[in-house]
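Let's take a walk through this protein together. Have a look at the sequence and the model first, and then we will go through a few places in turn.

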Amino acid sequence: MSILRVARMGHPVLRRVADPVPPEEISSDRIQRLVDDLLDTVEEYEGAGLAAPQVHESVRVVALTLPVADDDEDEEMQVWINPVLTPLTDDLIGSYEGCLSVPGLRGFVGRPGHIRVQALDRFGQRIDRELSGFAAIVAQHECDHLDGVLYVDRVEPGTLGFVEEMRRYGAPRPTGADDGEE
Ligand code: ZN
């Protein structure tokens, strides 16, 4: 297990569409090591999630903090392989997002507030669940990385800023979605 270097915006690996993991390869040393390293790395940097392309591996694997069960307060770091997200609402919820690949910045993004997730876990078991609120936002942010999309591509114009300056002067007020802030 190792802490990996995180690719920053501008590195082409972040713009590639990542390859699916063939299910028979999930148990391979390569994928299991990648999962372990993703978990170590996201823990080290205290991120809400991390996608494999962010550690220079262009495959469809993400690690993210999620509620253990739908009506449980507890959270744990979970791993999805080949996730497919389906929005279950047109209603957007907005929040200020940040990204380990875009250090120091935050910007306001609106995303569907209720989604379905279908994926495999690190043991190849099927995951099929619905997520809402902050968990839905994290899921969409991380899975965007698998398609070469960064949150800054979706940010509401005028709301991108440095965290340090927002602490001093407050975050720019978004006009779209609601004004929720994470
Ligand atoms: Zn990110």
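Donors are N, O and S atoms within 2.8 Å of the metal (3.2 Å for Na, K and Ca), and water is not among the atoms, so sites may look incomplete. Along the chain, the donors of the zinc ion here follow the spacing C-x41-H-x3-H. They are Cys99 (SG), His141 (NE2) and His145 (NE2), at 2.1 to 2.3 Å from the zinc ion.

This is a predicted model, where local features need pLDDT of at least 70 and side-chain atom pairs count only at pLDDT 80 or more, while totals for chains, interfaces and linings use all residues. Residues are numbered from 1 along each chain as its sequence is written, and side-chain values use heavy atoms, with hydrogens and water left out.

Now turn to the cysteines. Cysteine 99 counts as buried because its relative accessibility is 10%; buried means under 20% relative accessible area, exposed over 50%, and partly exposed in between (1.4 Å probe, protein chains only). Cysteine 143 is buried too, because its relative accessibility is 8%. In the whole structure, a search finds 0 disulfides (pairs of cysteine sulfur atoms within 2.5 Å).

Finally, find aspartate 121. Leaving aside neighbours within four places in sequence, aspartate 121 is in contact (heavy atoms within 4.5 Å) with Ile26, Val79, Ile81 and Ile127.
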